Amino acid sequence: MTFFVYNVDERVNMKIFAAEIKDNIAELVQTSTSLAYCMPAELTEPSQQNAIDFAEKIKADSANPKQVDLFYLKSILVSTGWNKNDDVFNATATWDARDTPEDKQFNFMHNENDIIGHITGSYVVDRNGDKIESDTQPDDFDIITEAVLYNSWTDPENRQRMNQIIAEIEEGKWFVSMECLFAGFDYALLDESGNAKLLERNEGSAFLTKHLRAYGGNGEYEGYKIGRSLRQISFSGKGLVSKPANPRSVILDASRAFSL
């Protein structure tokens, strides 16, 4: 039997299967339909020069440019592949969600009560930093987001705080971390030889849910590393953080319109 339930905030729907009810994780699966990651970053580029070349390629004019009360940012929101929490952004689901970040919130440290800006646009680049102009989905890619921070505050404390944040961004002390909603997932399996496959989550496979790290498991099953491959993704915003989950989620370009 398949159970169909609504998420507690009614933004997304999640199917619950009998095995997940039997394993006493149905409520956790039902309510865990949003993600916000904050984890240590690691250098993944082969060299510093490659990172510089990548950043130079994606520089472009921001939407609504040269506004004195806006600070402009361009950064990697998400990359396809397996992250450090064993959540997997497969190419098809991520490609389908590529336009969803636009007009979403930009907050401080994943606190939705501390909005400091918003996302103005998004586009896809390959792993060399070249913009994907066609509708042909590549195998691996990054989603780049353009955003603004609000640079004008009447309250002196808020103004001082934002000036400090912007100064630290310019010093390379901050990163971005994506936030998303999802309405389903499958199982990504990786064997000891590094061979990967995707297994549909259904009534027959739902016993694997309890092995996922997201639901209290150890991320392994009979010699396989097991991850949660997200489906029906909608990117809901991003946070300014000190430690991102995706090592590639760096701020690639930042600029002031002009100095006050």
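1. Just after helix 5, G172 takes a positive phi of about 80°; helices (H or I, at least four residues) and strands (E, at least two) are taken here as DSSP runs, numbered from the N terminus. This is a predicted model, in which local features need pLDDT of at least 70 and side-chain atom pairs count only at pLDDT 80 or more, while totals for chains, interfaces and linings use all residues. Residues are numbered from 1 along each chain as its sequence is written, and side-chain values use heavy atoms, with hydrogens and water left out.

2. Most residues other than glycine have a negative phi. D103 is placed in the loop between helix 4 (91-96) and strand 7 (105-108), and at 59% relative accessibility D103 counts as exposed, where buried means under 20% relative accessible area, exposed over 50%, and partly exposed in between (1.4 Å probe, protein chains only). H110 sits in the loop between strand 7 and strand 8 and, at 22% relative accessibility, counts as partly exposed.

3. The length of helix 5 (residues 156-170) can be checked against expectation: at 1.5 Å a residue its 15 residues should span 21 Å, and its end C-alpha atoms are 21 Å apart, which agrees; the expected span is 1.5 Å times one less than the number of residues. The buried residues of this helix are M162, I165, I166, E168 and I169. Seen down the axis of helix 5, these buried residues fall within an arc of 160°, so they line one face of the helix; the arc is that of the directions from the helix axis to the C-beta atoms. On the other side of helix 5, P156, E157 and Q160 are exposed.

4. At the start of helix 5, a side-chain oxygen of D155 comes to within 3.1 Å of the backbone nitrogen of E157.

5. A search of the whole structure finds ten salt bridges, a salt bridge being a side-chain nitrogen of Lys or Arg within 4 Å of a carboxyl oxygen of Asp or Glu. One of them joins D114 to R161, with the closest N and O atoms 2.6 Å apart. D114 lies in strand 8 (residues 111-125) and R161 in helix 5, so the pair ties together parts that are 47 residues apart in sequence. D114 is buried, with a relative accessible area of 18%, whereas R161, at 29%, counts as partly exposed.

6. D142 forms a salt bridge with R127, the closest N and O atoms being 3.5 Å apart. This pair links distant parts of the chain, with D142 in strand 9 (residues 142-150) and R127 in the loop between strand 8 and strand 9, 15 residues apart. D142 counts as buried at 0% relative accessibility, while R127, at 31%, is partly exposed.

7. The side chains of R231 and D186 also meet in a salt bridge, at 3.1 Å from N to O. R231 lies in strand 13 and D186 in strand 10 (residues 175-190), so this pair ties together parts that are 45 residues apart in sequence. R231 is partly exposed, with a relative accessible area of 28%, and D186 is buried, at 9%. Elsewhere, D86, R213 and K225 are linked in a network of salt bridges.

8. K238, in strand 13 (residues 224-241), deserves a separate look. K238 is buried yet has no salt bridge, and the nearest side chain of opposite charge, E146, is 9.6 Å away; Lys and Arg count as positive and Asp and Glu as negative, while His and the chain ends are not counted. The side chain of K238 does make a polar contact with the side chain of T145, at 2.8 Å; a polar contact is a pair of N or O atoms within 3.5 Å, and within protein one must be able to donate a hydrogen and the other to accept it, with residues adjacent in sequence counting only if both atoms are side-chain atoms. Leaving aside neighbours within four places in sequence, the residues in contact with K238 (heavy atoms within 4.5 Å) include S75, F106, I119, T145 and M178.

9. For the protein chain as a whole, the secondary structure comes to five helices and 14 strands, and of its 260 residues 46% count as buried.
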